[in-house]
Structures are given as structure tokens and as C-alpha cells.
Amino acid sequence: LLEQASVAPPLPAVGSKALVPGCGRGYAVVSLERAGYVAEGLEIAPTAAKVAEAYIRSQGAVAVVRTGDFFGLELERQYDFVFDSTFLCALPPSLREDWATMMAGIISPGGQLITNIFPIREDNEPDPADGDIGSGPPYALSPSLVERLLTRAGFVCLGMEPVADSLRARGRREVLARWRAPASQ
């Protein structure tokens, strides 16, 4: 997915600090490190963080996985780049606006957020942006819902495109979107 996201404008410079919240097993953390970023994962459960750390080490990577609550991070705008693959869809819908506010608070001015918008409902199903979120997690998302959340928090959309069929990990439609963080918070 990182390769697909690397179209213009350019991604943050190699060596930039990157975060993967809700990093799961750590696959994206390893990919970001291999692409030259100073990558860090975040997991709320200590057991999940240990599993991710074990995978990262098994791949010869040195990235760290912190254990903690995303909503408890310091609003220091310390990350140049955040990759949200399946974090937003796992959050209860009542936390979505807080998610967008936190993203604006942890990404450096002009830094970037890449969101893998998933799961997306089929065209004949109600848009979650209209309030029909279904049961979850994962909770249904849509490009319009994520755009509304992030533009309200000051982000600018740099591009949105469907994930190539060959890159889909879950067999359903996904959209990859890039956002520029607000210049001031």
C-alpha cells in the first residue's frame, strides 16, 4: 500500500518519524521501517504489543511498539507521518471525531496521514456518513465520512484512490487516502 500511496505529492522524507496506531501484528511498521522511516507502532493491549514486537524482531527490524491508549498520547505534533490502516474502523463511532482531533494534534504541521478506508459498503447499501454504521468492529466507513471528519479537523485531502485488487488484504473494496495535517492546531 505504501507504494500505491507514493504518488505526487511526495510522502514525507525518508528518515521522518512515522506512527501506526493499532498496529496489529506489526506488518505496516516493518514496511515503513524498510522504506526508510523511523517507524513506531502503538497498541493498547500489552499482549498485542508483544506479538507485534516479536514479529518486528523476526523480520530483523528495530522499530518499537508502545503500549498505550491512542487518546492518551501527548499532543506534541511529533509524527511526520501516520498510517491508519484499520484503526479508525475498529473504534466505536462515538470516538470518530476525537480520532480526527487527535490526528491533528499528533502530526507535525504539514505532515501526512494515510488512511486505508475499510470496510466500505457496496454501492447499494447505506453510506455510513449518513449515520448507518451497522454492527462492528469493524465499523463501516466511507470516503465521504472520513473526509468530513478530517476536513473538520483542518486536514486537506491530497488524494483518494481505490486500493488495487492485487493489494487488497481483506477481499472487499478499500480506498487509500492521503491528507496534509493542519499548519496550526
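Predicted model: local features only at pLDDT ≥ 70, side-chain atom pairs only at ≥ 80, totals over all residues.
**Entry 1: cavity**

Rolling a probe the size of a water molecule over the atoms shows where empty space is left. I counted one cavity of 30 Å³ or more. The largest cavity holds about 50 Å³ of space.

I then listed its lining. The residues around the largest cavity are Asp84, Ser85, Thr86, Leu88, Cys89, Trp99, Thr115, Asn116, Ile117, Phe118, Leu141 and Val146. By class I get seven nonpolar, four polar and one charged residue in this lining. Which element gives the largest share of the lining? I found that strand 5, residues 107-117, does, with three residues.

**Entry 2: largest nonpolar core**

I turned to the buried nonpolar residues. In soluble globular proteins, nonpolar side chains tend to be buried together. The largest nonpolar core here has 32 residues. Within this core I noted Phe70, Trp99, Met103, Ile106, Leu113 and Phe155 as the residues with the most contacts. Two or more core residues come from each of strand 4 (79-84), helix 3 (96-106), strand 5, helix 4 (143-152) and strand 7 (175-180). Helix 3 contributes the most, six residues. I also recorded a second, separate core of 21 residues, with Val29, Ile56, Val65 and Val163 among them.

**Entry 3: leucine 113**

**Entry 4: helix 3**

I checked how far helix 3 is covered. Eight of its 11 residues are buried, and I logged the helix as mostly covered. The buried residues are Arg96, Trp99, Ala100, Met102, Met103, Ala104, Gly105 and Ile106. I then asked what covers these buried residues of helix 3. The cover includes strand 1, strand 4, strand 5 and helix 4.

**Entry 5: strands 1 and 2**

Last, I looked at a strand pair. Strand 1 (residues 17-21) runs parallel to strand 2, and the two pair over five bridges. Valine 20 has glycine 41 in strand 2 as its bridge partner. Is strand 2, residues 38-43, mostly covered or mostly open? I found five of its six residues buried, so by the cut-off of under 20% relative accessible area strand 2 is mostly covered.

Technical notes: Residues numbered from 1 in each chain as written. Heavy atoms only, no water. 1 Å grid on protein atoms, 1.4 Å probe; cavity = no way out; pocket = protein on both sides within 12 Å on 5 of 7 lines; lining within 4 Å. Points joined across faces, edges and corners; volume = space filled by probe spheres on them. Helix = DSSP H or I, 4+ residues; strand = E, 2+ residues; numbered from the N terminus. Nonpolar A, V, L, I, M, F, W, Y, C, P; charged D, E, K, R; others polar. Core = buried A, V, L, I, M, F, W, Y, C linked by side-chain atoms within 4.5 Å. Buried < 20%, exposed > 50% of the residue type's maximum accessible area, 1.4 Å probe, protein only. Pairing = 2+ DSSP bridges. Contact = heavy atoms within 4.5 Å.
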